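Work through these exercises with the model open. Each task is followed by a stepwise solution.

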Amino acid sequence: MAKQHSLRMDNLEIDDLSIDTDISSLSGPGGIQFDLLTIPQFNVTYISRCLSVAERLTVLACTHRRFYEFILQPQCFPDMSFFPQENSSLHAPKIMSTNLNNGGMGITYVQINIWSKHPFVQRVALLAGMWNFKADLWNMMKWPTPLNIESLQLTLDYTSCASSIHLDKLPHHDDANNNANNSNNDDDEDNESSQSRSRTQSQSDSESEDKLNQAIVNSMQRLSLNQPPFIACYDQDNTNNAADADHKTTTTMTTMDAMSPPFSFDACVSPTTGKPMDLRGRLRNLFFIKYDTSYHQPIIYFPTTLRGLGLQSFTASLFSQKWWIQQIQFEQRLESLRFLVLSCCEFGENELQMLLGNVPHIEHLSLRYIRWEGMLQFPPSLLSLGFFPERSFVADYSLRLCTKLWQITTRFNENDEMSIAFVNACRALSSIQRVKFEHIRHQQYSEPDVNFESLQCWKHKKNDATFTVAMVEEECDNYPILKEIFPIPVQNFINLAHTRFQDCPLWSEESMEFIHMTDKRKLLLR
């Protein structure tokens, strides 16, 4: 076996990373084993499932030349979210944080200069389709082409001064050469300084390429002798020298500069849909978070292409606006919506009912700590419903029309009474085949155990072999009464971590495409 190495990324460390041409020690889904050098067809979809981002950027980049073409395909990184900047001093991508939960299969957040000539930026970051930035940048920032924006997390805070945000239009594009030649300040002295920095950066990149290309040649020789390959470490741990950290990042990422093969955008496949990439700015997934508590609310022009929408911490400052009612009720801009997640929102009289009444194809709805006024009638198109009641909130709703509802999700922590009432109300629906308990409080300090005495028995599901209850395994052991309330075979109690949204056999084609798209984007699949 190869020598064991330590891979470091911004205060994150993966110890004992064993790297060899025979990847047999990976713990990815399915325990897939393969030989990187002899496998006839190396599908990039499997790469993202079996290897973490760190492993993809080290194992593949330094194992064999043939795998550089995979590293520089956007579909190899469906689990990267990019923070755009127009910082001319930032050439190589900078890894900001990595979610190492679930075997390192979380989202890696990467900061990039959108005008950088780095091949990873131009061929992966700009085309991978998953972005995270402040709402103002949509209007203000000049973007290069080609550009793919399919999944977007926007934030709105007290520093936002935009009067309108046109998400229904392509963001402003500008010529890359003009942008590079015209820095933020047109002063000659600043331009001179910028050019000097660019020359210094280019020299540094050139030196880095020479060193790393030689390292790759050495790696090829070691492979032929069955010796450990060269490891390019992303080492940006606690250093007091910012220039050193930037140089290390550049040194690592620019390995690909001289190795990148010819590329055709025509053959580019979207990492989210698995289909040929649409570069016309078709935004499919939007999660909008408001951090500002003031009443100021810019006009948001929603696109008609959305399949999934998440809104967090919005109140009547949005839902009572005339432009919101105009777009939702009369222009029907959310008609194609399939997934809707509302978190920490407050709705006035009939505002939530108006929203649900104008998303006729919605199949998944999640209400997380929200409040509404009046009676809420859940729509008949629902296949999946999550209700997570806020503490002390008394909800008024009806499930009478939900004849196709396949799964329900709730938690017992903030408002046990409402959660139990929700499960009891769903008991009358014969269509339900899965009950999911996201979390069940366990006694600690002043918080008592959950009292399930008022939870009604689901004995009518006793002989239904397809009915399952999903929960955390330890919580099932802590509350044996749940096995009496749900008198089903033990094997039908499944671990919550093993459930998938695609388990439901009733999803429409559009929803299945969206589920595939958001597999790494947990915000809308909850």
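**Exercise 1.** In β14, which residue is the bridge partner of L309?

*Solution.* The bridge partner of L309 in β14 is L340. Some ground rules come next. The model is predicted, so local features need pLDDT of at least 70 and side-chain atom pairs count only at pLDDT 80 or more, while totals for chains, interfaces and linings use all residues. Residues are numbered from 1 along each chain as its sequence is written, and side-chain values use heavy atoms, with hydrogens and water left out.

Strands (E, at least two residues) and helices (H or I, at least four) are DSSP runs, numbered from the N terminus. Two strands pair if DSSP finds at least two bridges between them.

- Step 1. β13 (residues 308-312) and β14 run parallel, joined by five bridges.
- Step 2. β14 also pairs with β16 (residues 364-368), in the parallel sense and over five bridges.
- Step 3. L340 has L365 as its bridge partner in β16.

**Exercise 2.** Determine whether strand β14 is enclosed or open.

- Step 1. Take one side: F339, V341 and S343 are buried.
- Step 2. Take the other: L340 and L342 are buried too, so both faces are covered.
- Step 3. Five of the five residues of β14 (residues 339-343) are buried, so the strand is largely enclosed by the rest of the structure.

**Exercise 3.** Describe the surroundings of C345.

*Solution.* 

- Step 1. Locate C345 in the loop between β14 and β15 (346-349).
- Step 2. Its relative accessible area is 1%, so C345 is buried.
- Step 3. Contact means heavy atoms within 4.5 Å. Beyond neighbours within four places in sequence, C345 contacts several residues, including L311, F314, F319 and Y369.
- Step 4. C345 and Y369 lie 24 residues apart in sequence, yet 7.3 Å apart in space, C-alpha to C-alpha.

**Exercise 4.** Which face of helix α11 is buried, and what does it pack against?

*Solution.* 

- Step 1. In α11 (residues 322-330), W323, W324, Q327 and I328 are buried.
- Step 2. These buried residues fall within an arc of 115° seen down the axis, so they line one face of the helix. The arc is that of the directions from the helix axis to the C-beta atoms.
- Step 3. The face turned away carries exposed K322 and F330.
- Step 4. The buried residues of α11 pack against β12 (299-301), β13, α10 (316-319) and α12 (351-356).

Note on methods
Buried means under 20% relative accessible area, exposed over 50%, partly exposed in between (1.4 Å probe, protein chains only).
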